[in-house]
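Subject: Structure handover

Hello,

Here is the structure for your files. My notes on strands and aromatic rings follow below.

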Amino acid sequence: MKFVAYERFDQGDRLTYLGSYSREKMVRIIYGFDKNNKMIEFVFAPLEAQQEQK
């Protein structure tokens with residue numbers, strides 16, 4: 001996994017990573033935390049490769 005972004009909000013923070021997972025070549029993994037550092041969000045989403053337009 002590769003760390004991509006740290007976002008700070010009034011009500012919490014969000015960490016974003018990119019990585020590969022079994023069948024998916026690239027996935028985005030997002031962890032969201034509230035202002036008390038409790039994890040309130042977890043997103044695991046495959047990314048689709050963009051095709052070049054000719």
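How many bridges join β3 to β4? There are seven, and the two strands run antiparallel. One detail of that pairing: Arg 28 has Ala 45 in β4 as its bridge partner. Please keep in mind that this is a predicted model.

The sheet:
An open sheet is formed by four strands in the order β1-β2-β3-β4, with antiparallel pairing. Its edge strands are β1 (2-9) and β4, each of which pairs on one side only. On average, and with direction ignored, neighbouring strands of this sheet are turned by 15 degrees against each other.

The aromatic rings:
Three aromatic pairs are present in the structure. In one of them, Tyr 17 and Tyr 31, the ring centres are 6.1 Å apart and the planes stand at 80 degrees; over 60 counts as edge-to-face, so this pair is given that label. Because Tyr 17 belongs to strand β2 (residues 12-21) and Tyr 31 to strand β3 (residues 24-34), the pair ties together parts that are 14 residues apart in sequence. Tyr 17 has 21% relative accessibility and therefore counts as partly exposed.

Tyr 31 also pairs with Phe 42: the centres are 5.4 Å apart and the planes are at 50 degrees, so the pair is tilted. Here Tyr 31 is in strand β3 and Phe 42 in strand β4 (residues 39-46), so parts 11 residues apart in sequence are tied together. Phe 42, at 48% relative accessibility, counts as partly exposed.

Phe 3, Tyr 17, Tyr 31 and Phe 42 make up one aromatic cluster.

Regards

Notes. Residues numbered from 1 in each chain as written. Predicted model: local features only at pLDDT ≥ 70, side-chain atom pairs only at ≥ 80, totals over all residues. Heavy atoms only, no water. Phe/Tyr/Trp six-rings, centres within 6.5 Å; stacked < 30°, edge-to-face > 60°. Buried < 20%, exposed > 50% of the residue type's maximum accessible area, 1.4 Å probe, protein only. Pairing = 2+ DSSP bridges. Axes fitted to C-alpha atoms, helices over the stretch in contact; angles between N-to-C directions.
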